[in-house]
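Student: Could you take me through the aromatic rings here, up close? I'm new to this one, so please go step by step.

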Amino acid sequence: MKIKSADLWFKKAAAILALSAAALVILLVCSMAYYALPAIRKFGLHFLHTSTWDPVKEIFGALPFIYGTVISSALALLMALPVSLGIAVYLAELAPCCLREPLSFLIELLAAIPSVVYGLWGIFFLAPFLRETVQPFLFRYFGFLPLFQGEFYGVGMLSAAIILSIMIIPTISSISREVFLTVPSAQREAALALGATRWETIRLAVLGYARSGVLGAVILGLGRALGETMAVTMVIGNRPEISGSLFAPAYTMASVIANEFSEATTDLYLSALIEIGFILFFVTLIINIAARALIWRVSAKIKAK
Amino acid sequence: MEAEIKVSNLYAYFGSICALRGINISIKEKVVTAVIGPSGCGKSTFIRCINRLHEVVPEAKLSGEVLLGGKDIYSADADPILIRRKIGMVFQRPNPFPALSIYDNVAAGLKLNGIKRKNDLDGIVERSLKMSALWGEVKDKLNASGVSLSGGQQQRLCIARALAVAPEVILFDEPCSALDPISTGKIEELLFQLKKNYTIIIVTHNMQQAARVSDYTAFFLLGELVEFDKTQDIFTKPKDNRTEDYITGRFG
Ligand SMILES: Nc1ncnc2c1ncn2[C@@H]1O[C@H](COP(=O)(O)OP(=O)(O)OP(=O)(O)O)[C@@H](O)[C@H]1O
Ligand SMILES: [Mg+2]
């Protein structure tokens with residue numbers, strides 16, 4: 001009797017806690033929507049696809065920020081994924097045993113560095129390095145592509161994407177490494193017994209088995225990149241323009257909120273910034289849902305059909 | 001004489017544990033050799049020494065000589081990858097690749113060998129699945145995942161995967177421990193077919209199975225080879241008391 005009622009209480013308490021988490025999210029969405037209402041009323045859908053950001057005339061279009069966030073994160077992911085997978089494969093499969101633990105620890109340490117430190121490093125080292133070495137090189141050899149044209153500022157989309165990729169590499173690689181370590185040795189032996197080389201074994205047994213877990217790692221990395229504020233603000237150049245060139249300065253949703261919130265003097269300005277926050281929330285939500293669905297599909301395919 | 005296996009003075013270790021102590025055995029080609037013995041006596045370790053899989057276990061060591069068709073597979077210039085391509089293996093627990101379809105599981109080894117033409121692959125995949133008695137059950141869902149099958153079906157899939165690459169020797173580590181009597185019967189039939197062309201070593205806990213399918217039987221105990229002879233002789237007139245105790249079930 002007693003056990004049963006304790007069980008019941010536990011169930012109720014857990015349910016209440018779970019519901020309150022959901023309630024918090026709803027509260028967040030509602031209050032953001034409330035404060036963003038003036039901007040939503042004034043600009044409607046124009047807010048999403050126009051590029052003028054003029055606080056003086058009070059005309060606000062958020063497209064450059066959406067563009068900046070999505071592109072910088074996508075580029076960061078593009079650069080970080082191969083590197084992270086390489087690191088994870090090395091740490092889980094190839095590195096000599098005595099190196100594995102210290103190196104893994106070092107990588108995890110990278111994830112713990114505050115983003116403002118990355119930003120400083122970006123300003124004092126990365127941006128000048130890009131301006132003086134990398135950008136002239138890219139322009140010289142790949143300058144026929146619009147991607148690599150324009151002034152060499154150093155700060156801009158390219159440096160933001162690089163900083164972001166450096167920031168998400170530890171996340172993706174350390175989670176991937178852990179996923180690789182869960183691959184049963186029977187899988188590796190199955191590949192080896194077929195006469196697979198070391199690389200073929202990794203491809204056939206390890207990457208195949210671990211792919212939904214790696215996808216999870218990628219999503220976490222992407223989530224971090226989308227919401228990253230400080231480091232990006234310090235190196236992206238903060239100019240609300242859409243440019244086809246990676247050298248050009250850009251702006252992200254998180255950066256504009258952080259930069260301009262204290263200066264937003266009028267209600268409409270403030271409301272426009274809050275609407276950007278609202279959009280950022282939704283972009284992250286959609287990407288997470290899409291990724292979750294992808295994982296779910298992959299693992300469902302593995303489980304049964 | 002291509003696929004004859006001669007093992008001399010084989011010692012295998014896991015760290016400081018000695019799992020095989022001085023095995024000497026000569027396995028004839030194109031016959032079925034059964035390996036029997038109580039759990040933990042080193043049967044799996046023995047067959048994993050034959051395809052150089054023992055060495056992939058961390059801390060595992062070995063000494064001695066294993067000749068395949070007269071060549072020492074542990075000599076310095078022997079390539080473990082090429083050796084494993086000649087020696088197929090079916091494991092104690094089914095281990096299909098979960099990310100691959102049924103078709104791709106069977107074709108995995110072929111693709112490693114550079115066979116990529118769809119026509120070639122289709123033919124070999126179908127033939128291998130038929131040999132492992134799985135074709136009828138999966139021919140309509142070759143694109144389903146390999147792990148969507150039942151345990152016994154997965155094991156037959158693994159057998160097809162090993163057969164597809166046409167090795168010279170096939171090692172079976174208790175292939176039927178997860179199978180029902182009907183599939184077991186099918187696998188035993190398959191062994192009869194296979195021994196025309198392949199050298200087969202099968203580990204089994206099932207005395208009847210050893211008696212049914214094998215021509216020769218090796219009895220292992222505590223890491224040593226106690227007795228090795230024609231299956232008929234092992235089961236009717238064993239020379240060693242310990243063998244007799246084991247096959248008559250007097251052994252713990
Ligand atoms: N990975 C390992 N690490 C350490 N010791 C091991 C390992 N694998 C096997 N051993 C030891 O080696 C000995 C032989 O093991 P093996 O797996 O060859 O036995 P087996 O005859 O196949 O048994 P079973 O019939 O249960 O499969 C056992 O004593 C076991 O404890
Ligand atoms: Mg075993």
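Tutor: Let's start with Phe282(A), which is partly exposed, with a relative accessible area of 35%. Keep in mind that this is a predicted model. The ring of Phe282(A) pairs with that of Phe278(A): the centres are 5.2 Å apart and the planes sit at 85 degrees, so the pair is edge-to-face. Phe278(A), at 14% relative accessibility, counts as buried, because the cut-off for buried is under 20%. Both residues belong to helix α11 (residues 267–303) of chain A, and they are four residues apart, about one turn of the helix.

Now look at another pair, Phe43(A) and Phe60(A). These two are also edge-to-face, with 6.0 Å centre to centre and 90 degrees between the planes. Phe43(A) is in helix α1 (residues 2–43) of chain A, while Phe60(A) is in strand β2 (residues 59–60) of chain A, so this pair ties together parts that are 17 residues apart in sequence. Phe43(A) counts as buried, at 12% relative accessibility, and Phe60(A) counts as buried too, at 1%.

Phe43(A) and Phe60(A) also belong to a cluster linked by ring pairs, along with Phe47(A), Trp53(A), Phe65(A), Tyr251(A) and Tyr269(A). Over all chains, the count comes to 20 aromatic pairs.

In chain A, the charged end of Lys12(A) sits over the ring of Trp9(A), 5.3 Å from its centre. In chain B, the ring of Tyr13(B) has the charged end of Lys61(B) over it, 5.9 Å from the ring centre.

How values were computed. Residues are numbered from 1 along each chain as its sequence is written. Chains are lettered from A and ligands numbered from 1 in the order in which they are written. This is a predicted model: local features need pLDDT of at least 70, side-chain atom pairs count only at pLDDT 80 or more; totals for chains, interfaces and linings use all residues. Side-chain values use heavy atoms; hydrogens and water are left out. Rings of Phe, Tyr and Trp (its six-membered ring) pair if their centres lie within 6.5 Å; planes under 30 degrees apart count as stacked, over 60 as edge-to-face and the rest as tilted. Helices (H or I, at least four residues) and strands (E, at least two) are DSSP runs, numbered from the N terminus. Buried means under 20% relative accessible area, exposed over 50%, partly exposed in between (1.4 Å probe, protein chains only). A charge sits over a ring if NZ of Lys or CZ of Arg is within 6 Å of the ring centre and within 35 degrees of the ring normal.
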